[in-house]
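Visitor: Hi, could you walk me through this one?
Guide: Happy to, here it comes.

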Amino acid sequence: MTRYLTRRLLTGILLVFLATTLAFMLASFTMQPRENYLSRNPPIPESSIDQKLDEVNQNDKTPVFQRYATWISGVARGNFGLTTEGRSINDEMGRRIGVTLRLLFVGSVVGAVFGVLLGVWGALRQYGYSDRIITVFSFFMLATPVFFTAVLLKYGALQLNQLTGRQLLYYTGETSVGLTGSAWTLFVDRIQHLILPTLAIALGEMALYSRYQRSAMLDVLGSDYLRTAQAKGLTRRKTFYKHGLRTALIPMTIWFAFSFGLLIVGATFTEVIFSWPGMGAWFIDSVRKQDINVAAATTLFTAVLVLFSTFLADVFRAILDPRVRTG
Amino acid sequence: MALEPLIPDEVLHEPTAGGVDEGELTEALSRNQLVWRRFRRSRSGIGGIAVLLFLFLLAFVGPYLAQWNYEDIDPTAFLRPPSASHWFGTTQIGQDVFAQTMRGLQKSLIIGLLVGLISTSIAAIVGATAGYFGGWVENASLFTVSLMLVLPDFLIIAIISPRLQDASWLWFVLLLAIFQWTLTALVVHSLTLSLKRREFVSAARFMGVPSRTIISRHLLPNMASFLIIDATITVGAAVLLETGLSYFGFGIQPPDVSLGTLIADGTASAITFPWLFLFAGGLLVVTVLAVSVIGDALRDAIDPQSTARAS
């Protein structure tokens with residue numbers, strides 16, 4: 001098992017390296033940081049544009065391989081370079097990673113837990129009313145893109161706030177700017193900001209997981225060993241939750257890994273729409289500003305996260321499935 | 001709850017011949033007829049088809065029913081709510097939201113269909129070639145797939161998008177297709193691995209049938225059902241990806257519109273002028289919903305086992 005995981009880790013590092021290289025090269029071919037300076041008024045002389053671009057290692061007059069060599073040797077030493085404005089990417093990233101990870105963590109945990117519960121609930125009551133309602137809900141959510149969910153939530157929150165006459169839910173930023181008070185006030189403020197963005201990414205996750213969990217659970221419910229367990233005198237509840245659910249969770253680990261990329265993209269939308277200063281919002285910004293270094297750094301972050309999620313899925317699977325552990 | 005039947009209802013009721021009308025039992029049915037029969041019996045599948053046809057009709061005929069073109073500007077109505085003259089209201093500069101939404105729907109529908117078709121074709125070719133030939137072709141393809149799975153398609157297309165600003169939207173379609181085929185290719189690959197050991201494939205090979213023909217005549221038709229279902233699912237996914245990218249301005253470029261750009265334009269003032277984004281968003285949800293319901297019904301019709309097991 002350890003050897004297997006080590007091999008996966010090494011392949012993972014290779015994949016991250018290639019993915020980042022690909023992102024840097026692609027960005028170098030498609031993005032023109034120079035354009036940011038060309039439209040200035042009064043016009044900036046070309047030599048000083050060159051100088052500025054050279055400082056941040058984004059001058060298109062330098063051969064792309066040379067720029068790449070400078071960049072990757074910096075990354076290898078833990079230095080991600082400078083933004084087009086000349087600020088340190090490392091500092092900015094330190095602030096932003098936390099924001100994104102918090103959103104992703106809370107969102108995926110809420111989404112996965114409730115999704116699995118809904119799926120199990122639906123499977124145990126197949127074709128009952130609650131099952132039908134859950135099915136319809138998940139079909140709708142799966143057809144709704146995150147940006148639309150987010151905008152609708154924002155709209156709903158405003159109506160709610162107007163209805164109650166109080167600022168119950170916030171829909172911009174992570175915390176209220178300049179708010180002071182006890183730790184409790186700050187905590188409540190944070191929660192009020194967190195609810196909508198979390199819902200925006202968790203609702204889709206819930207729908208996805210509940211569909212897969214339902215069908216995995218139905219597969220298991222029809223199996224012989226559950227009947228045997230019941231025949232031997234275990235209660236229905238015990239067979240379902242101890243024997244059934246555990247087996248039905250195994251295929252879910254694979255879906256967790258595959259859906260994580262989708263979750264990251266969803267978080268990107270959420271960050272932009274709710275104005276959270278996270279990595280996703282930064283990526284969108286970098287494409288708009290044609291900032292090669294930032295685009296490559298955020299892509300690297302995403303690749304690491306995706307691979308980490310597959311790694312995590314492997315670990316979960318090993319915990320749930322003894323065949324993986326021993327074999 | 002005492003004893004619940006351990007075998008789900010459908011297994012017992014799933015017709016081997018049960019659904020076929022009595023008088024026709026003797027008549028041999030082709031596979032396609034059987035699939036069509038089963039599909040027709042699924043209410044949601046028929047409903048999905050009906051909705052999708054209606055959306056197409058709406059998108060392509062609707063604009064002729066209204067008096068406004070999507071580029072027209074009505075200087076007498078700025079930001080007006082829906083009315084008899086402007087069915088979906090108007091924008092800040094007096095554009096007719098109905099005409100724009102129809103135009104966006106056209107784009108999103110066409111893009112979805114094209115991407116579904118192209119991406120599933122790429123997946124079929126790559127997956128089958130990799131599985132059939134094995135060796136370095138297989139290794140290279142599988143490695144490419146795992147590399148592409150590390151990078152969400154959204155990110156890559158966004159990075160390429162600055163070059164799309166002036167390009168035709170067909171390039172955008174191609175890009176979407178190029179980054180959507182990976183997961184399907186993995187499944188096609190594993191299906192090929194099991195199919196290529198079957199006797200009919202060996203027989204063809206020993207008779208000297210060229211590899212290309214074996215793949216196109218013997219391997220791919222045998223996974224046609226999977227490919228059809230997958231193409232349907234991809235259409236839905238493609239519409240979502242396209243609107244997502246267009247939402248940020250990385251996809252369809254103005255003055256052209258897609259449902260994504262319309263929702264994006266409406267979002268800014270969504271709170272006070274909901275008609276700017278609600279219609280586009282609603283139609284987007286209905287479109288993807290219809291496509292996924294059709295996909296589900298198709299899977300049930302093509303592979304009744306799947307109904308018995310799940311959904």
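Visitor: How do helix 1 and helix 4 of chain A lie to each other?
Guide: They are oblique to each other, as their axes cross at roughly 135 degrees and come within 11 Å. Angles under 35 degrees count as roughly parallel, over 145 as roughly antiparallel, 65 to 115 as roughly perpendicular and the rest as oblique. By the way, this is a predicted model, where local features need pLDDT of at least 70, side-chain atom pairs count only at pLDDT 80 or more, and totals for chains, interfaces and linings use all residues. Residues are numbered from 1 along each chain as its sequence is written, with chains lettered from A and ligands numbered from 1 in written order.

Visitor: And which residues meet there?
Guide: A:F24, A:M25 and A:S28 of helix 1 meet A:V64, A:R67, A:Y68 and A:W71 of helix 4 in chain A, contact being C-beta atoms, placed from the backbone, within 7 Å. Five of the contact residues are nonpolar, one is polar and one is charged.

Visitor: New topic: is helix 6 of chain B mostly covered or uncovered?
Guide: Mostly covered: eight of its eight residues, 153–160, are buried (20 or more other C-beta atoms within 10 Å of a residue's own, all placed from the backbone).

Visitor: What do those buried residues pack against?
Guide: Helices of both chains, including helix 1 and helix 10 of chain A and helix 7 of chain B.

Visitor: How many residues of chain B touch chain A?
Guide: 39 residues of chain B are in contact with 39 of chain A. Helix 13 of chain B gives the most to that side of chain B, with eight residues.

Definitions and conventions:
Axes are lines fitted to C-alpha atoms, for helices over the stretch in contact, and angles run from 0 to 180 degrees between N-to-C directions. Helices (H or I, at least four residues) and strands (E, at least two) are DSSP runs, numbered from the N terminus. Two residues are in contact if their C-beta atoms, placed from the backbone, lie within 7 Å. Ala, Val, Leu, Ile, Met, Phe, Trp, Tyr, Cys and Pro count as nonpolar, Asp, Glu, Lys and Arg as charged, and the others, Gly among them, as polar. A residue is buried if 20 or more other C-beta atoms lie within 10 Å of its own, exposed if 12 or fewer, and partly exposed in between; C-beta atoms are placed from the backbone.
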